[in-house]
Structures are given as structure tokens and as C-alpha cells.
Amino acid sequence: MSELHFPWLALSILTPLLSALWVNRLRDADEAHKWSAVFSGVTLAFTVGAWQDFFLLGASQASDGWDLLSPFLGWKLLVIDEFSAPLLPLTALLYLLTAIATLKTKIRRFSFAGTLVTEAVVLALLSCQEPWAIIVLLALPTVPPYLELQARNRPTRVYVLHMAIFVGLMILGWAFVEAEGRQRTHSLWAVLPLLAAILIRSGIAPLHCWITDLFEHATFGTALLFVTPIVGAYSAVRLVLPIAPDWVLRSIGLISLATAVYASGMALVQHEARRFFCYLFLSHSSLVLVGLESATPIGLTGALCVWISVGLSLGGFGLTLRALEARFGRLALTDFLGLYEHTPALAVCFAITGLASVGFPGTIRFIGTELLVDGVVEIYPHVGVAVALATALNGIAVVRSYFILFTGTRYVSSVSLRPGLRERFAVLTLAMLIFGGGLFPQPSVESRNHAAAAILRERAKRDPSLIDHEVPEANPDESPPMRSEEVRHE
Amino acid sequence: MFEDFSLTTLIGFTVLGAPALLMLALGLSSLLEWPGTERGIGQVSLAAIITGLLAAISMLAWMLITCERHESVELGHWVVIPDYHFSVKFLFDRLSVPFAILSFVLCGTIGTFATRYLHREPGYNRFFVFFSLFVLGMVMTSLAGTIETLFTGWELVGLSSALLVAFFHERSAPVRNGLRVWAVYRVSDAALLIAAIVLHHLRGEGDFEMLFGAGTWPLEHTSLPSSQAAVVGSLLLIAAMGKSALVPFSGWLPRAMEGPTPSSAVFYGALSVHLGAFLLLRVSPILDVSLSLRAAVVTIGLVTAVFAVLAGRVQTDIKCALSFASLTQVGIIVAEIGLGLRYIALTHILGHACLRTLQFLRAPTLLNDYRTLENAIGARLPRWSGAWVRLIPEHVRVWFYRLSLERGYLDGWLSDYIARPFLAVFRWCDAMERKWTDFLSGGESRESDHVRPSLETLDDLV
């Protein structure tokens with residue numbers, strides 16, 4: 001396996017982890033805010049370094065540089081591949097923008113140290129391919145939101161119930177997989193718990209109520225950062241996709257497709273902005289899962305492209321709503337608010353990120369949606385067009401919320417509500433990425449296509465009969481992808 | 001030959017590049033909150049449109065001189081991966097070139113008109129940003145050589161139209177109407193997207209040249225069997241119905257008149273209302289294969305024309321009356337397309353768009369025009385009604401009057417039988433979810449219920 005030239009991954013994880021200790025000691029919320037943004041920025045730089053180093057290596061997988069832990073563990077702990085490489089800077093960027101765009105009115109309620117710890121855990125999750133480590137790293141980020149809900153005296157039962165079942169099913173399912181060994185197909189005892197766990201974590205209907213509940217009771221920033229990295233789909237790719245038979249994937253795909261349409265319809269009838277965002281996000285993340293479970297090169301490529309675009313566009317969309325909430329409190333979608341005049345930059349950002357999320361031409365999601373619909377229709381010829389329906393409904397929901405929040409009346413305010421320099425930086429960064437990725441999509445789509453091919457090769461290696469589609473050949477110069485057991489035995 | 005190719009590519013690129021640069025310039029300056037002066041914005045817009053127009057005319061001249069009836073300009077693959085490619089290709093033929101020139105001429109006229117009409121309007125810059133989006137969308141749709149490129153332009157036109165209907169956004173009525181327009185357009189977009197996907201799966205191509213053979217418009221043909229053509233054609237027809245406000249989607253057209261007069265003129269009087277007809281012209285080889293599809297196109301066109309005549313006669317607002325007059329002609333144009341009269345349909349579009357633009361631009365001074373005419377003839381303007389009207393019983397006339405005044409109850413029908421039941425299902429689901437989370441929480445689970453009480457319901461927005 002190739003090795004990165006520098007311990008980028010370890011630094012990406014250690015920086016937020018250690019800085020959390022420092023930030024936690026700070027008594028001044030302003031200082032905590034400032035240092036949190038600085039350390040998140042440094043973390044982003046390390047993740048970009050890892051991505052670029054990996055890109056320049058031209059390998060399909062690479063372990064972290066100067067890996068000091070592998071001699072003790074016997075296997076490579078931190079590994080990056082084509083699938084996870086861009087997800088690292090994307091996640092780090094979301095954390096950075098969230099830290100930067102936190103307004104002074106909210107900095108006392110928002111736990112910067114907790115957020116840095118969560119960032120470290122999520123980055124570790126994305127840098128890890130060892131199944132048990134993935135399960136542990138999936139379980140750990142569920143704790144900070146619980147602590148926050150408790151600290152704010154909010155109900156925790158819905159969240160705790162779902163997360164406990166999720167973690168329990170993950171452990172149960174993978175224990176069966178391990179017990180059954182490397183065989184052609186695993187029993188339902190192994191597959192069904194994993195399937196159910198993925199459905200819960202991804203918020204697939206009817207197991208999605210914990211996400212709406214989290215958005216109801218947690219701070220917007222915490223809820224946003226908990227869902228936007230789409231770790232449910234990540235665990236599906238790492239744990240389920242390589243071992244699941246076709247029928248399981250088709251089942252997840254169909255349920256996810258139904259959820260995408262259901263959530264887009266639900267987004268239309270919500271009376272409050274957070275719930276609206278939550279359903280919009282659920283619809284899009286379900287579409288990612290639909291494409292992933294199609295297990296075709298085009299569908300998978302589309303899903304991975306949509307994944308990146310959902311992170312950017314809906315991450316930005318959520319941050320815009322959060323910025324509005326910081327100014328006006330929780331936002332009802334029952335009356336026209338007419339905020340355009342006071343916050344034109346936020347209105348533009350809301351429109352750009354919202355339209356980007358539904359795949360408007362010229363934005364980063366456009367090609368991803370085309371690929372996704374193409375791939376899904378190939379697998380589900382009769383119901384695959386539901387993706388187009390979900391996209392249409394989401395488009396209506398986004399413009400409806402834009403009109404309600406920013407137009408329809410004249411908002412009177414005696415103080416300036418315009419975004420500050422930090423928020424403007426966040427807006428421009430997102431706009432640049434959304435349009436840059438939309439106007440020049442080839443590098444991103446090509447990279448996602450390679451990642452899709454690698455995932456399918458992995459699946460084919462496990463059992464060639466599991467796939468019924470032609471898998472693109474690997475570059476002969478590249479080392480073949482390895483399963484974690486093989487890496488361990490190296 | 002290579003030099004010829006380079007020249008046409010350069011010209012083609014200029015036709016597209018001018019509006020694209022305009023949109024980029026205006027969009028970027030807005031994003032950075034550096035809006036230019038009114039004069040600057042007007043001049044940049046006009047310069048871009050004139051550049052595009054001159055390039056389009058140059059292409060026409062080139063094609064006339066070289067007797068080329070069909071010139072394709074390929075800008076290469078935007079995205080290419082194994083088993084998938086997205087080509088950016090533009091067609092210059094006897095359908096697209098006149099339509100592109102028409103778009104530039106009318107947009108140039110309207111742009112110039114708008115610089116005066118919207119003088120000192122707070123949303124002056126915003127208008128021109130949306131306007132540039134519209135121009136780019138129109139030109140892209142007109143010249144699209146693949147269904148994907150056409151879809152791209154189609155969506156740009158849809159968004160800019162909806163935002164311009166809601167241009168006076170400090171009032172609620174334009175916003176509600178803008179959202180209604182957007183909802184119909186999204187249905188239309190979804191139909192076009194599905195048609196594109198179905199075409200891809202049937203033929204593995206979205207390229208019009210590949211789909212319709214080597215013939216030049218209007219002499220192309222397709223090898224799609226009748227049954228497949230009926231499926232694809234039906235989806236394209238739905239897309240065209242939404243965009244051109246054909247029955248039963250006609251309700252949004254008068255609502256669109258909430259926008260400023262320049263946008264009403266260029267969008268709903270002249271250009272975007274013809275876009276559905278243009279789409280049908282572009283895919284007319286598909287219509288040719290299926291007789292039932294052609295019959296459906298003719299029927300929808302004629303029903304729309306009759307409906308628009310009736311509704312237009314009872315309108316009390318000049319812009320609404322003109323919009324229904326427009327729709328009457330669009331209905332006839334669609335019927336002409338269904339009958340295979342393609343040149344007549346294209347000529348009809350060109351003439352009608354120019355006439356209607358002029359009428360819309362004169363609309364704000366209509367009363368003054370009437371007064372001038374009446375002063376000149378020294379009497380009230382005569383009102384004609386046919387003698388046949390007296391042959392119809394009064395209760396039938398009243399019934400027709402009410403039907404026309406309510407615009408065929410089309411809006412109400414769509415709301416009552418499609419939008420409301422659809423939303424009611426999801427509201428019921430929402431209520432069930434509330435019960436479920438309340439049960440799991442052991443109490444009230446929604447903080448959002450206490451977010452500011454609603455003063456006014458927005459149920460009818462969708």
C-alpha cells in the first residue's frame with residue numbers, strides 16, 4: 001500500500017482533538033470562538049494536504065505517513081482512498097464554516113470544544129477502514145448531542161432510543177459477519193441488523209423521527225454538523241455494500257427512494273424553518289443512498305457527486321438558516337417575513353445554496369443529479385423517475401421558503417442586520433465552490449467515478465456473482481484495493 | 001475546411017458567450033455587493049445583447065452564403081466518464097437561428113425599454129441579473145444541440161421567469177403568483193428531465209443529430225418506433241404544456257402579469273410562452289411517428305385557443321387581456337405543429353412575438369391611446385358583437401361569461417384536485433409523526449409548535 005509523504009491524517013485528527021482541550025480551558029467565549037475557528041482552519045489545511053498528497057500519489061489507497069501505530073496494532077489504522085479523500089476536506093470545511101459563522105449572540109450556547117472533539121472523531125471515521133473501529137467511531141459522535149440535550153433540559157428519549165438501537169444493531173450485525181467469516185453471502189442474521197442500523201442512522205422513513213427531534217431540541221449548529229457529513233451512507237459503503245447481496249441493496253434503494261419523495265413532500269408542509277431544512281436534507285441524503293445502493297458505475301458515481309454537493313450546498317443552506325435564526329429567532333414559515341432588504345447577502349446565499357441543492361444548472365449538483373437519475377432508472381426502470389419527482393418537489397420547497405423568508409412584506413428594523421465579514425467570507429467560499437464545481441465538473445466527476453469503480457471492484461472481489469454490472473478495470477499502475485483484514489495481515 | 005470550422009465555432013461561441021458573460025458580470029457584482037450604476041448596467045446589457053445578435057446574424061449570413069442549412073458547433077464534452085458523456089453542442093439551423101435572432105432582438109428592445117421604465121427602481125440591478133439569466137436561458141434553449149443542453153436553458157428560463165413575476169417582492173401577491181408559476185414550471189422541468197432520461201435509455205443519446213438522423217430541420221426523421229415515440233412525445237408534450245401555459249396549465253399566465261411590464265412583455269407575451277411550441281418544433285420528428293400524439297397536440301392546441309379566446313374577452317385588465325390573446329395564438333401555433341405545418345408555425349411565432357411585444361410595451365399608455373383615438377374620431381370607440389350572440393340563450397351566455405371570468409376554473413381545479421389532496425396526505429403524515437414522537441418522548445415533542453403563531457396561512461402557495 002502506498003504511503004502519504006506526511007502524517008496528514010494523524011495531524012487532521014490530533015489538531016482538533018488537542019485544541020479542544022485548549023479551547024475548553026478558555027473562559028472567554030469570544031476567545032473560544034476565535035481559537036476554535038483558527039484550529040478548524042488548520043485542520044482543514046491538513047485535510048486538503050492529505051487529499052492533494054493522495055491525488056499526487058495516484059494510488060487507489062494510501063496509509064498515513066510516518067505511521068507509528070501500525071507496528072503496535074499490526075494493521076494500518078489511518079487509510080485514505082479515492083472514496084474518502086475529498087470527504088475529509090469537505091467535512092473539515094463544514095466544521096470551519098460553522099465555527100466562523102457562529103454569531104456573538106450564540107457563542108455562549110454553542111460548545112466549541114465539543115464541536116472540535118466531534119470533528120476529530122468524524123475525521124477519524126472517514127480515515128478508517130477497519131470495521132470495528134468504524135463502528136466505535138460511529139458510536140462516539142452520538143454522545144455530544146445527547147450531552148447537549150441534557151444540558152439544555154430537552155427531551156432525549158427519542159434520540160437515545162434510536163441511537164442505542166443503531167449502535168446495538170451495528171455491533172450485532174458485524175459480530176455475525178465476523179462469526180460467519182469470509183463467505184459468499186452472509187445470513188439474514190448478519191445482514192438485517194446492519195441494514196436496519198444503516199436505515200436508522202441515515203434517517204430513512206419511518207425510522208427518521210430522531211433527526212426531526214434532534215433539530216427540534218438541539219442547537220442548530222450541533223444538529224447540522226451531526227447530519228451533514230452523511231456518515232450513515234459512509235457506513236453503508238464501508239460495511240454493507242461489500243457484503244450485501246443484490247436484494248438487500250435493492251431493498252435499501254427502494255426504501256430510500258420512497259423516503260426521498262416522502263421527505264420532499266413533507267418539506268412542503270412544514271411550518272418552521274428547522275423542520276423544513278431537516279426534511280430537505282433527509283430527501284437529499286436518501287437520494288445519495290439510492291444511488292449508492294444501485295451499485296452501478298453511473299448510479300454510484302452520481303451518488304458520490306451528489307454526496308459532495310449535498311455537503312456543500314445543504315451545509316451552506318443550513319448555515320444561512322442558522323445565521324437568520326441568530327438574528328430573528330426560530331423562523332416560522334407561516335408568515336411572509338420580508339427579510340431581503342436587510343439581509344440581501346443572506347438571501348442570495350440562501351437562493352444559491354438552495355438551488356444548488358436541487359441541481360440547478362451551473363451548480364455543483366447538476367451533473368450529479370443527471371448521473372444519479374440515469375443510474376437509478378437503469379436499476380429501477382419504473383420507479384426510478386421518482387428521483388425526478390423528488391427533485392421537482394424539493395425545488396418548489398426551496399423557492400417557497402425563499403419567498404416566505406425574504407419577500408412578501410417589508411421588515412422594519414432599526415439596527416443593521418447585514419452579515420458581518422466572517423459570514424460574508426463563508427458565503428463567498430461556498431458560492432465559489434458551488435459554481436466552480438458546477439462550471440468545471442470534470443475533475444470532480446472523474447474522481448468520483450474512480451471511487452465508484454474502486455467500490456465496485458471491492459464488491460466484485462468479495463463475490464463476483466454479487467454484481468451484475470461491468471466493473472471498470474483498475475489502473476494497472478495502481479495497487480489493488482485491500483480489505484481491512486488483508487491490510488491487517490500484511 | 002478547418003478554417004471554416006474554426007470561424008463557425010468562433011461565431012457560435014460568441015452567440016452563447018455574450019449572454020453568458022453578461023450573466024457572469026452582473027451576477028458576480030451582485031454577489032460581491034458591488035452593483036454598478038444604472039447607466040453602466042444598461043450599457044453592459046445592451047452591448048452583450050448586440051454582440052450576440054450580430055454574431056447570430058453573421059452565422060445566418062454565413063449559412064446563406066455557403067448554402068449550409070445546418071451547422072453544428074460542438075464545444076466538446078463537458079463531462080466524460082466511461083458509459084456517460086455530457087456534450088455541449090449547439091445547432092444552427094432554420095429553426096434555431098431565427099429563434100435566437102428573435103430572442104436577441106426582443107431582449108435588446110426590452111432591455112433598452114427597461115432602463116427607462118425601471119429608472120430609480122430599488123430592484124433595478126436585480127431585474128437585470130434575472131434578465132441576463134433569462135437571455136442566456138433563451139439563447140441556450142434555442143440553439144441546443146442535445147436534450148441535456150436544452151434542459152439547462154429550459155431551467156434557466158423557468159427560474160428567471162418565476163423570480164421576475166415576484167419582482168415587486170415587498171407585496172405578497174406577486175410572490176404568491178411567482179411561486180405558482182415556479183410550481184408549474186417544475187412539473188414541466190420534471191417531465192422534460194424524464195423525457196431526456198428515457199431517450200438516453202432508448203437510444204443511448206441525447207444528441208438531436210443522432211436522434212433525428214442526418215436530415216436538416218424540418219426534414220428530419222426518427223427511427224423510434226411508434227410506441228416509444230408516444231411515451232417520449234407525451235412527456236415532451238407535458239413539458240411544453242407547462243411552459244407555454246396550454247390547458248390545463250393556463251392558470252399561471254395571467255398571474256405572471258404581476259411582474260414589471262418589461263418582463264411581462266418579453267416573457268409571457270413574446271418569448272417564454274412560445275418556448276413550449278419551440279420544443280415541439282424541435283422534436284417534431286418524434287411527433288410525426290405517432291398519429292395519436294399528433295392528434296393530442298392538435299386537440300390541446302385548439303382547446304387552449306378556444307379557452308383563451310373566451311377568457312380573453314372578459315378580462316378587465318389590459319395585460320391579462322393581452323396574455324390571453326397571446327395564449328390564443330400559441331394554441332393555434334401548437335395546433336399547426338400537430339398538423340405538420342412547421343414553417344407556418346415558425347413564421348407565426350416570429351410575427352406574433354414581435355406584434356405582442358409592441359402591444360405589451362404600449363399597454364401602460366393604453367388609456368391615453370384610447371383617448372387620442374376617441375378625440376380623433378370625435379366619438380366613443382365602437383364595440384362590436386356578432387349577431388350570432390343573440391341566437392344564444394341568455395342563461396347559456398351567462399354561463400359562458402362566468403366560465404370565462406373564472407378562467408375555466410382551471411386554477412381552482414388544479415388546486416382542489418391535485419395540490420390540496422397532495423398536501424393533505426403529507427399533513428396527515430406530519431400529524432402521525434407528531435403522535436409518534438409525542439408517544440416516544442412521553443409528552444409534547446415539538447418546540448416548533450410554539451414558534452410565533454401564524455397570522456395568515458400560506459396553504460394556497462402550492
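This is a predicted model: local features need pLDDT of at least 70, side-chain atom pairs count only at pLDDT 80 or more; totals for chains, interfaces and linings use all residues.
Modeller: Let's start with a term: a salt bridge is a side-chain nitrogen of Lys or Arg within 4 Å of a carboxyl oxygen of Asp or Glu. Residues are numbered from 1 along each chain as its sequence is written, with chains lettered from A and ligands numbered from 1 in the order in which they are written.

Colleague: How many salt bridges does a search of the whole structure find over all chains?

Modeller: The idea behind the search is that side chains of opposite charge can pair when their charged atoms come close. Over all chains, searching the whole structure gives a total of 28.

Colleague: How many residues apart in sequence are the parts that Arg275(A) and Glu216(A) tie together?

Modeller: Both Arg275(A) and Glu216(A) are buried (under 20% relative accessible area with a 1.4 Å probe, protein chains only; exposed is over 50% and partly exposed in between). Their side chains form a salt bridge, at 2.9 Å from N to O. Arg275(A) sits in helix H14 (residues 273-294) of chain A and Glu216(A) in helix H10 (residues 209-217) of chain A, so the separation in sequence is 59 residues. Helices here are DSSP runs of H or I with at least four residues, strands are E runs of at least two, and both are numbered from the N terminus; the value you asked for is 59.

Colleague: And in chain B, where does Asp207(B) lie, the partner of Lys89(B)?

Modeller: Lys89(B) and Asp207(B) are both buried. The closest N and O atoms of their salt bridge are 2.8 Å apart. Lys89(B) belongs to strand E2 of chain B, so the pair ties together parts 118 residues apart in sequence, with Asp207(B) in the loop between H6 and helix H7 (208-211) of chain B.

Colleague: Which helix of chain B holds Glu155(B), the partner of Arg186(B)?

Modeller: These two side chains meet in a salt bridge of 3.0 Å, N to O. Arg186(B) is in helix H6 of chain B, so the pair links parts 31 residues apart in sequence, and Glu155(B) is in helix H5.

Colleague: Now the two chains together: how many residues of chain A are in contact with chain B?

Modeller: Contact means heavy atoms within 4.5 Å. By that rule 64 residues of chain B take part, and on chain A the number is 74.

Colleague: Which three residues supply more than any other three of the area that chain B buries against chain A?

Modeller: Buried area is the accessible area (1.4 Å probe) that two parts lose on being put together, summed over both. Between chain B and chain A that comes to about 6100 Å², with carbon and sulfur atoms giving 69%. On chain B's side, 11% comes from Leu31(B), Trp78(B) and Glu447(B).

Colleague: Which residue of chain A meets Glu447(B) in a salt bridge?

Modeller: The interface of chain B and chain A has 3 salt bridges. In the one with Glu447(B), N and O are 3.7 Å apart, and the partner is Arg330(A).

Colleague: Which element gives the largest share of the side of chain B that touches chain A?

Modeller: Strand E1 (70-81), strand E2 (84-93), helix H5 (147-165), helix H6 (172-203) and helix H18 (410-441) of chain B each give at least two residues to that side. With 14 residues, the largest share is that of H6(B).

Colleague: Inside chain A, what area do domain 1 and domain 2 bury between them?

Modeller: The domain bounds come from an automatic or database assignment, which gives domain 1 (1-129), domain 2 (155-244) and domain 3 (255-490) in chain A. The C-alpha centres of domain 1 and domain 2 lie 23 Å apart. Here 17 residues of domain 1 are in contact with 10 of domain 2. Carbon and sulfur atoms carry 75% of the buried area, which is about 1100 Å².

Colleague: Which residue pairs with Arg238(A) in a salt bridge?

Modeller: Between domain 1 and domain 2 of chain A the count is 1 salt bridge. For Arg238(A), the N to O distance is 2.9 Å and the partner is Asp81(A).

Colleague: Last one: is His348(B) buried or exposed?

Modeller: His348(B) is part of helix H15 (residues 342-362) of chain B. Setting aside neighbours within four places in sequence, His348(B) is in contact with Gln329(B), Ile332(B), Ile333(B) and Glu336(B). Its relative accessibility is 19%, so His348(B) counts as buried.

Methods:
Side-chain values use heavy atoms; hydrogens and water are left out.
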